[in-house]
Amino acid sequence: MKIKVLITGGLGFIFSHVTEYFVSKGYDVVVIDNETVGSHPEIIDGSFTYFKDDVFSKESYDFIVKHNPDYIIHAAAISDVDFSIQNPNETIYKNNQSIVNVFEAARKCSNLKKLVYISTDEVYGECEYRKQETDIIFPKNPYACSKAFGSLLRITYDNTYPELKDKTAETRFCNVFGERQDDRKIMSAIKESILNDKIIPIHNGGKGSREYIYIGNIPEAVELVMLKGNRVYNITLNDSYTVTELIDKVQQVTSKKVNTVESQRSGMDLKYQMDNSRILELGWKPKFTFEEGIKKYYEII
Ligand SMILES: NC(=O)c1ccc[n+]([C@@H]2O[C@H](COP(=O)([O-])OP(=O)(O)OC[C@H]3O[C@@H](n4cnc5c(N)ncnc54)[C@H](O)[C@@H]3O)[C@@H](O)[C@H]2O)c1
């Protein structure tokens, strides 16, 4: 019998790639997604079971329990920092209710081997040095706070409920870029600017420094954590750029001009950086370097 993997947010930028990868590997894939911002319903082709709903609904809870999957990957979230700053109530309510609903449903899944919670480097807050998974989390915007809630709840559920003991793991990605990302994120905004002469807002003088990773590296990292992980794993290759440096780099690779306008983001962390030794020790072998990733991403230009 096929191994059943249930993915929440499986139509989104990152997890549409994960959904397709898992289907191609022969897993029995089940997706819940509410088809809001970032979703790609065009990937629905009958190769996986699909349920359109909010993950925080009673119907989604019943659906997860009914499917009784071997693995659950909880990725669905409102993932836009600027939106979260404008709408903290909605972001925190929906993201956190979704997390609790998935963990509660997981407790009722007798076949469950692992629940993987998908989180972000943003939970660390300002990173003066490369943060390790054992470092304190210190989220500093509503989106990061809503994600950090899941990081805490995972520990709580793993510790409190014997049915989830040693059956949870978490990934913290740096900034992922690649095909299907919408232009709320910097890499795709830069691409929009190049292709359609769009002027893109650059927060706080372009000084924000982030680590970037190409989407092609993510599906296998998620599968590895799902099959072998039992704690938190930072996912990064430590390719670190300020937004200004990133724009220079893309202009250099594409020989095209990126048009920008100054903007301000309140409470923005200046730098995220993470230590990746733990995921490498688990056996992660990334397929694409940053350079290869940007060449693939911009090759249509
Ligand atoms: N993009 C990044 O660089 C990055 C970095 C670190 C972590 N992450 C995390 O990875 C995950 C995916 O990020 P992404 O950039 O692909 O996001 P995305 O916004 O492109 O996709 C999110 C998907 O989840 C769905 N969704 C959102 N809320 C939902 C809900 N309540 N119920 C059902 N479906 C819902 C949306 O319809 C969409 O298909 C998120 O958990 C995010 O926090 C992303």
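**Exercise 1.** Which element supplies the largest share of the shell around the ligand?

*Solution.* Before starting, note that this is a predicted model, in which local features need pLDDT of at least 70, side-chain atom pairs count only at pLDDT 80 or more, and totals for chains, interfaces and linings use all residues. Residues are numbered from 1 along each chain as its sequence is written. Elements are DSSP runs numbered from the N terminus, helices being H or I with at least four residues and strands E with at least two.

Begin with the shell itself: 30 residues surround the ligand, and the closest are Gly 9, Gly 12, Phe 13, Gly 38 and Ser 39, where a residue is near a molecule if its C-beta atom, placed from the backbone, lies within 6 Å of it. Next, α1 (13-24), β2, α4, β5 and β7 (175-177) each supply at least two residues of this shell. The largest share, three residues, comes from α1.

**Exercise 2.** Describe the sheet, from the order of its strands to the helix that packs on it.

*Solution.* Seven strands form an open sheet with parallel pairing, in the order β3-β2-β1-β4-β5-β6-β10; two strands pair if DSSP finds at least two bridges between them. At the edges stand β3 (49-52) and β10 (232-235), each of which pairs on one side only. From one strand to the next the twist averages 15°, with axes fitted to C-alpha atoms, for helices over the stretch in contact, and angles running from 0 to 180 degrees between N-to-C directions.

**Exercise 3.** Locate Glu 35 and Asn 238, and decide whether each is buried, partly exposed or exposed.

*Solution.* Most residues other than glycine have a negative phi. Glu 35, however, has a positive phi near 55°, and lies in the loop between β2 (28-33) and β3. Asn 238 likewise has a positive phi, of about 65°, and lies in the loop between β10 and β11 (240-242).

For exposure, count other C-beta atoms, placed from the backbone, within 10 Å of the residue's own: 20 or more means buried, 12 or fewer exposed, and in between partly exposed. Glu 35 has 13 and is therefore partly exposed, while Asn 238 has 15 and is therefore partly exposed.
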